[in-house]
Amino acid sequence: QVRLVESGGGLVQAGDSLRLSCAASGFTFNTALMGWFRQAPGKEREFVAHISWSSLSTYYVDSVKGRFTISRDNAKNAVYLEMNSLKPEDTAVYYCAARPRDYVTWANSWGQGTQVTVSS
């Protein structure tokens, strides 16, 4: 069973940086696509970024390109999201996501998320 535990959120000011971490277990991590989603108050959960199993391929939603960097450590079963130049509109609960090799979509196993609040 996919298990994901996010950490690293907090309250920061606009322009600051944060690094989110996700500890994964319950599946074969080093062949899984990993990603980050976020959900702002009153809005649908939205995709933020993903990274291939090899780290050779990454993809970002336009709103975070050039500011956020996704990375992973297959030896630690961990995925990270480095967030720079944060904006108030980045305020949301951030969730890690996994798409194991034999899945056709993201696993419907969400952690508790980690709150990121950016003040102006």
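**The disulfide and its surroundings**

Modeller: Cys 22 and Cys 96 form a disulfide, with 2.2 Å between their sulfur atoms. Keep in mind that this is a predicted model.

Colleague: How many disulfides does the count come to?

Modeller: The rule asks for cysteine sulfur atoms within 2.5 Å. Cys 22 and Cys 96 have their sulfur atoms 2.2 Å apart. By this rule the count is one disulfide.

Colleague: Is the disulfide of Cys 22 and Cys 96 left-handed or right-handed?

Modeller: Look at the torsion about the S-S bond of Cys 22 and Cys 96, which is about -80°. That value makes the disulfide left-handed.

Colleague: How many residues apart in sequence are the parts that Cys 22 and Cys 96 tie together?

Modeller: Cys 22 belongs to strand β3, residues 18-25. Cys 96 belongs to strand β9, residues 92-99. The pair therefore ties together parts whose separation in sequence is 74 residues.

Colleague: Are Cys 22 and Cys 96 buried or exposed?

Modeller: The cut-off for buried is under 20% relative accessible area. Both Cys 22 and Cys 96 are classed as buried.

**Strand β9**

Colleague: How many of the eight residues of β9 are buried?

Modeller: β9 is largely enclosed by the rest of the structure. Tyr 94 lies in this strand, and Tyr 94 counts as buried because its relative accessibility is 0%. For β9, the buried residues number seven of the eight.

Colleague: Which residue in β9 is the bridge partner of Trp 36?

Modeller: Strand β4, residues 33-39, runs antiparallel to β9, and seven bridges join them. The β9 bridge partner of Trp 36 is Cys 96.

Colleague: And in β10, which residue is the bridge partner of Val 93?

Modeller: β9 also pairs with strand β10, residues 114-119. That pairing is antiparallel, over three bridges. In β10, Val 93 has as its bridge partner Gln 115.

Colleague: What separates the C-alpha atoms of Tyr 94 and Phe 47?

Modeller: Along the chain, Tyr 94 and Phe 47 are 47 residues apart. Their C-alpha atoms are separated by 9.8 Å.

**The open sheet**

Colleague: What is the order of the four strands in the open sheet?

Modeller: The pairing is antiparallel. β1 (3-7) and β7 (68-73) each have a single partner strand, so they stand at the edges. On average, neighbouring strands are turned by 20° against each other, direction ignored. The order is β1-β3-β8-β7.

Colleague: Glu 6 is buried and has no salt bridge. How far away is the nearest side chain of opposite charge?

Modeller: Glu 6 is in strand β1. Its side chain reaches the backbone nitrogen of Gly 113 at 3.0 Å. A salt bridge needs the atoms within 4 Å. The nearest side chain of opposite charge is Arg 45, at 7.9 Å.

Colleague: What separates the C-alpha atoms of Val 12 and Val 116?

Modeller: Val 12 sits in strand β2, residues 10-13. With 11% relative accessibility, Val 12 counts as buried. Val 12 and Val 116 are 104 residues apart along the chain. Their C-alpha atoms are separated by 7.9 Å.

How values were computed. Residues are numbered from 1 along each chain as its sequence is written. This is a predicted model: local features need pLDDT of at least 70, side-chain atom pairs count only at pLDDT 80 or more; totals for chains, interfaces and linings use all residues. Side-chain values use heavy atoms; hydrogens and water are left out. Two strands pair if DSSP finds at least two bridges between them. Helices (H or I, at least four residues) and strands (E, at least two) are DSSP runs, numbered from the N terminus. Axes are lines fitted to C-alpha atoms, for helices over the stretch in contact, and angles run from 0 to 180 degrees between N-to-C directions. Buried means under 20% relative accessible area, exposed over 50%, partly exposed in between (1.4 Å probe, protein chains only). Lys and Arg count as positive and Asp and Glu as negative; His and the chain ends are not counted. A polar contact is a pair of N or O atoms within 3.5 Å; within protein, one must be able to donate a hydrogen and the other to accept it, and residues adjacent in sequence count only if both atoms are side-chain atoms.
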